[in-house]
Amino acid sequence: MTQPSTIAVIDIGKTNAKVVLIARADQRQLASRSMANGVRRDGPYPHADTEALWAFILEALKAFATEHGVGGISITTHGATAALMAGDALALPVLDYEHDGPQAVAEAYRAARPDFAETLSPALPNGLNLGAQIFWQVRAFPEAFARVTAILTYPQYWAFRLSGILASEVTSLGCHTDLWAPVAQEFSSLVDREGWRKLFPPIRPAASVLGPIRPELAAQLGLAAQTPVTCGIHDSNASLVPHLGRSETPFTIVSSGTWTIAMTVGGKTDRLDPARDSLANTDAHGRPVPTARFMGGREFDLLAPQIHEPDDADIARVIADDIRVQPGFVPGVGPFPGAKGSWTQPPEGLTPGERTAAASLYMALMTEACLGLCGTGRSIIIEGPLARNGLYAAALARLTGVEVIASGDATGTSLGASLLFGGEGAQPVSGSPVTPLAEPGLDAYAARWRAANR
């Protein structure tokens, strides 16, 4: 297949969705469109607004085709999400993983789910274990589930709508789903016990081309009839793609967005703690990657509703006056899942710069705590929005004592997904090492933060 010169990446995050057009030759972003990814509250349960997303995707693809040309389409989405298909249509709406419906069968699911040693997947609240979602849907909606002909993880749902080809893929199957055994590289025992294996289509590599876009879509959007569509990839694993093949393992990628996810490629899984939201992801080659995460983007928005770049005086006051944020503000997830978030001083009395400084230091300390579970690589590369937070990067460099690079690529997941088209070999890291934060008192500040979490 001739490699496409331009690649449209459909990138659906939990909070926002975007379609980005990337030039394959130099990874430049040529165009981008975005929308808020809202949750619908009608129907049997809160669910993804798949039709609004579909209309947005088609509109963006048509505009890009007119303005620049689209040579190929790649897909990346958040995890913990699946589409239950009845033929070409949904048997049930695409469940929002934050819905607490699966808690209704939590006791039965605890008895059914495999041990952590098999799946390297911790027990998580609500629907964050995809297996728990399906387990609940089977029991809550038996008539609808009886019509299910295929279970598609989320990137592959969009790939099916574009290409008409059904596929499964390991990065989405292997992200805290309870459905995958990453060491054995096989479906877990839960899948067979529940009789679901027959519903999962054949596994295809993330980088495989499922086929050309459906003919009717090609005509509607002004695309070439043979425009290829990749199988697609889980978003935090997309952030790993530009770095796979680097020789200096272990190294850590911090992928940021709604979730802040630390993944140590070449690391060991022996320090993972299922009680502290650490797990093994599965990379695009099927290998387990020790991972720990917290809902950093969600927390940062709560902590600093008016983001203001902190100056030296803001940083100095926060550290000197011991203005700390203690975890956590999203219950049930992260390295301190049972902790109730608090400030050491009322945040209402702080300036926006001071609140942003305290929130940024909190993010760095939470990331360091995650690294205690998944391991710290010889270097840390920050992808996504946190790469633009200079205080976060400088504090993380000081706290960990290793080289930290804030990636110059603002679309880490999108770039990684674009590299599924011929992206073999590690790509050069865009960005320079950051200077560690030299503010006096940071070490004592961090020690007090850690002591409060014991």
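This is a predicted model: local features need pLDDT of at least 70, side-chain atom pairs count only at pLDDT 80 or more; totals for chains, interfaces and linings use all residues.

Residues are numbered from 1 along each chain as its sequence is written, and side-chain values use heavy atoms, with hydrogens and water left out.

Helices (H or I, at least four residues) and strands (E, at least two) are DSSP runs, numbered from the N terminus. Two strands pair if DSSP finds at least two bridges between them.

Three strands make up an open sheet, in the order 8-7-9, with antiparallel pairing. Its edges are strand 8 (89-90) and strand 9 (150-153), each of which pairs on one side only. Four bridges link strand 7 (residues 82-86) to strand 9 in the antiparallel sense, and Leu 84 has Ile 151 of strand 9 as its bridge partner.

How many residues of helix 6 (residues 154-163) are buried? The count is 10 of 10, where buried means under 20% relative accessible area, exposed over 50%, and partly exposed in between (1.4 Å probe, protein chains only). Among the buried residues are Tyr 154, Trp 158 and Arg 161. Gly 164 follows helix 6 and has a positive phi, near 80°.

I turn to the hairpin. Strand 17 (residues 278-282) is mostly covered, with five of its five residues buried. Ser 278, Ala 280 and Thr 282 point one way from the strand, while Leu 279 and Asn 281 point the other way. Strand 17 runs antiparallel to strand 18 (residues 288-294), joined by five bridges; Ser 278 stands opposite Ala 292. Between the two strands lie five residues, and in this turn Gly 286 has a positive phi of about 90°.

Lastly, the helix pair. Helix 13 (residues 352-374) packs against helix 14 (residues 390-400) at an angle of about 40°, their axes 9 Å apart. Axes are lines fitted to C-alpha atoms, for helices over the stretch in contact (heavy atoms within 4.5 Å), and angles run from 0 to 180 degrees between N-to-C directions. Helix 13 is therefore oblique to helix 14: angles under 35 degrees count as roughly parallel, over 145 as roughly antiparallel, 65 to 115 as roughly perpendicular and the rest as oblique. Residues of helix 13 including Leu 361 and Glu 368 meet residues of helix 14, among them Leu 396.
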